[in-house]
Amino acid sequence: MQVHQPIMVCGPWVRIFLLLGFLTGNTLAFTIPVENQTAKGSGPDPLIIERLGDVYEYVSLALDWWHADGYCRQRFAQLPSETWDGELAYLGKKLHSHQIQDAIWLKDEEAYLQKPRHRRIHLMPILMFQNKTDTKFVKVLATFPAMLAVSACAHIQWDRQAIEISTIFSYAVPAFINEFQLRGFMDEDGFVRFAVIFHGHHSPYLPVFHADRGWHHFCVTWQQCNGTWAIYADGKEKASSVGLSASHAISGHGTFIIGQDQDALGGAFKEKESFSGNLTGLQIWQRVLSREQVEKVRSCVPITEGLVFGWSRDILEVEATVKQAMVQLTCPGPMEECQALEVTHGSISSISCLQPQPFICHYQKDLYFRLKEMQSQSVPPLIAQVNMRANATVIPANIFQADTQGLNISAAASILKVVDSVLSDAEPPPLDAGGLLGVFQLLKEVSISSVEVEEPEQLETLEQLGRHYVKVAGMILEEQNSKEWSEIKPIIGGPMTVVENVDKMASTFHQLLSADKPKVTFQNKNIGVEVRRMELGTPALGRAAYVMLNQLQEKPDWIEVPAEEVERLRVRGLNQVTLTNTWYRYGSLQRLLAGGSAVFEDAAVSDGGRRYLSTQVSSSIISSSLVSDYEELSTSVRYSLRHQTQALPDQLVVPICAFWDFSRSLEGGHGGWSTAGCSVINSHPEFTACFCNHTTNFAVLLQVYEVQRNAEEESILKTLTFVGCGVSFCALIVTFVLFLAVGVPKSERTTVHKNLIFALAAAEALLMFSELAKTNQGVCFAVTAFLHLFFMAAFAWMLVEGLLLWSKVVAVNMSEDRRMKFYYITGWGLPIVIVGVTLATSFNKYVADNHCWLNVQTDIIWAFVGPVLFVLTVNTFVLFRVVVVTVSSARRRSRMLTPNSSLEKQIGIQIWATAKPVLVLLPVLGLTWVCGVLVHLSITWAYIFIVLNSLQGLYIFLVYAIYNSEVRNAIQRMKEKKKALSFTNCSHPINYLSSPRNTSWEMGKCNPSTPENSAPPATAKDATGKNVGHKGNFGAKIPMGLSAIMSPDRPAVQLTAFKSSGL
């Protein structure tokens, strides 16, 4: 890139121009609304370009890259990215159609264009002038021509022990010794004051930078025309004037000495005027550098035009006692060129970052219209009160009217003082979402402004600014503002952005440090900030700790840089570091983060007797950062934080050491929690100590688990399940075979039982096999699907059992054939549909990670739990109705048959009448699964649940096979048939199916071994007479079967359940 020689303008117009420059440079105070700044030229109707999910706002106001980027970010937008090829082409055409020809700024993806400015590291040779002496010097061996203008720049580190005037360099010629000099001293406020000398003419000593033992960059420029001179420090003009040796040019062929004042050509040094400190990067040009070029030199960008001397040890004559070393010098940005879109031909070019250009702000579409909606509302009461008390618009009511020129220290301190006073009123105005957004925007603007002390008088102002800033930030983090934070979170990304801004602001407080004030602290109820200087020159210095002492707890929060890390920094050659610590109280920021998507959730699994529930931020947030020579140092830290949680008795809490990673982006948030590089040292119920191998914002997160069982209990439950399922499976198979083999009369009842038994047997067989199948992913998936299907079928047939029972209790106008079709559709069709839909919609998250069963970490489990709860609800209601009918029937029969029985006997009959249907119907209605709801209360309920349901098949076998009268009668008929066929001498065959209700067979005289059977069978009349004859004993007996409880005209239970006897 070509650099042009600056134009030299001489005459009285220069004085007028400089006077105007001084006047305009010191008038910045409160923020001025955009509508009052007519010079900005953005126009009343900005160009808005809408896309599918984006909105672009063209800003015709020409700003340099830094202010353009700040303009967009202050409005929660950003410059368009150079990587959006398609979007840039569209924008270029759109702008061209509106007769816009200027290049527009683009967001450079390089990190050094992001605030805070990236500092590129350069390895530089330095000269070390330790202590003032008359012997140490360095001679520049370059040949200097006569110069009408000169510029000299270097990096310097001032020795705070040197309190007398020091000569940084001196240039002498034979005709005049004091031809060109730079001298300085440190005043009582700790500021280094520079003065330049040209041909014996001396400028006043003016403050240029704070003597904080850090590296500072300086430049001095002079030109003969009108004797114009200027001093720059750290990229900013600190002093300038005219009339300094305007009649003489700098003579050539002189001697240039670094570190000493020449009282004779090349010698006659004096100790009291010598330099003490370190210096590197000295360069001299025979021209005046512009402000832009000074910034380039500061950024370690070479300027070769007019260069007389460039920093090189090869052309230096170094006196033997002057030490030399290499140092990693950090050079701040910006780069000399930034990316811009050439609208006319749609290409991307590079132009000077300091050149004013129009630009475009890119918004997310929903965010843009959310901001517009908020700004269309009335002025928030807080903003109105602040502006009224300040008698100026310090917080614009419209976010799109925010100023972009930044704030100096005085203006920022004045504004925040007003905000602080309003928020601290006894009855402050309500802080709604609009007011909160305005205050946050103000804090953000202050934190990104160049808050640098230029005058000693500004130190007190900076301290006031820090106190107000921390207090206001703490007040907007109060718990009662959680609702407002949730409203503006989609705009700013959440309350952790306040932490980010406080961290930026805290990095400027090092300017307050001095020899008399090695530590600065700002603290209130919600936020604490500490900045202090730590000397590393002494070996075995020990750890650097930060402790929150104002807490009432016996164990306070603390963070420390371990002693071994401090020693490592010392061995590295660092003499001093600046340590910045911050602390955010639990109960403010953490409550605002509760339930947010930004909270990091570890991939915890529900295994080993515990089920993962949530991750909570349960401690204060504490941070630590170290800076040396404006270079951030990476060190490990240890910290301990008290934590709080509201866990239930059956929950387990596991502490996790984590930090907030601002580079993460979760669901529109601004960063997220991460555990990388952090580990738990030790944990206590009330606090946890952590170690992390880096510095940032730390907290203790608590993972909450539901305690289900320990390893021993898990083993016992697995054993009970396997044994119970095995026994149940065998019992179900035997029951099913009995139904098929012994000739139980066919009916709706038996058909429903057979389907239930088949589905339940298949499910339990797969359940026993599932532990073996989990080693193969495909087999495990298939087992899970069939388990889901057969358990769903089992519950569907349990529902059918309930519906069948209900159809016998309540009259239903439906034929048996139609009922059976409905039962089959419900028993098999419905489970197939449920499983099919679940697989189709959630195929990839269907199976759990460590078991061949449905994934309980997602909503998939409801594809099983939902239908089960429905079946249990319906069957519970059916059972209740059956019990009511049974008890009512038993009461009537008891009064009719035994009217004179005692009250105790009647109560016993009614109790048995209640218990009998419950015991008989529980297995087929599936109501034992109700115990599953109580499993989380105690391990005892888990044992009960496992036993009842794993032995469900055995229960069905005992109740509906062994103690069932129909099955027993069928078996008895089979035995008697076999016995009858063994008598070949019988005169007629035996009709063993003549009556399904017979319990004995007509053997006639064919059975000599049973003479009692030779009597004729009893007729129906005899049987009736027999029953009537024994009616006195009938009422005293407990009913032998469920059918015996029911009257002959109400066969509900008899037709639905098997006739069980002996129970």
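**Exercise 1. How many of the ten residues of helix α2 (residues 65–74) are buried?**

*Solution.* The model is predicted, so local features require pLDDT of at least 70 and side-chain atom pairs count only at pLDDT 80 or more, while totals for chains, interfaces and linings use all residues. Residues are numbered from 1 along each chain as its sequence is written, and side-chain values use heavy atoms, with hydrogens and water left out.

Step 1. Helices (H or I, at least four residues) and strands (E, at least two) are DSSP runs, numbered from the N terminus.

Step 2. Buried means under 20% relative accessible area, exposed over 50%, and partly exposed in between (1.4 Å probe, protein chains only).

Step 3. By this criterion nine of the ten residues of α2 are buried; among them are Trp65, Trp66, Tyr71 and Arg73.

**Exercise 2. Classify the aromatic pair of Phe194 and Phe209, and state which parts of the chain it ties together.**

*Solution.* Step 1. A pair of aromatic rings is described by the distance of the centres and the angle of the planes. Rings of Phe, Tyr and Trp (its six-membered ring) pair if their centres lie within 6.5 Å; planes under 30 degrees apart count as stacked, over 60 as edge-to-face and the rest as tilted.

Step 1. The structure holds 34 aromatic pairs. In the pair of Phe194 and Phe209, the centres are 5.7 Å apart and the planes make an angle of 90°, which is edge-to-face.

Step 2. Phe194 belongs to strand β9 (residues 191–198) and Phe209 to strand β11 (residues 206–210), so the pair ties together parts 15 residues apart in sequence.

Step 3. Phe194 is buried at 0% relative accessibility, and Phe209 is buried at 3%.

**Exercise 3. Is Leu123 buried or exposed, and which residues does it touch?**

*Solution.* Step 1. Leu123 lies in strand β4 (residues 119–129) and is exposed, because its relative accessibility is 56%.

Step 1. Not counting residues up to four places away in sequence, Leu123 touches Met326, Val327 and Gln328.

Step 2. The C-alpha atoms of Leu123 and Val327 are 5.6 Å apart, although 204 residues separate the two along the chain.

Technical notes:
Contact means heavy atoms within 4.5 Å.
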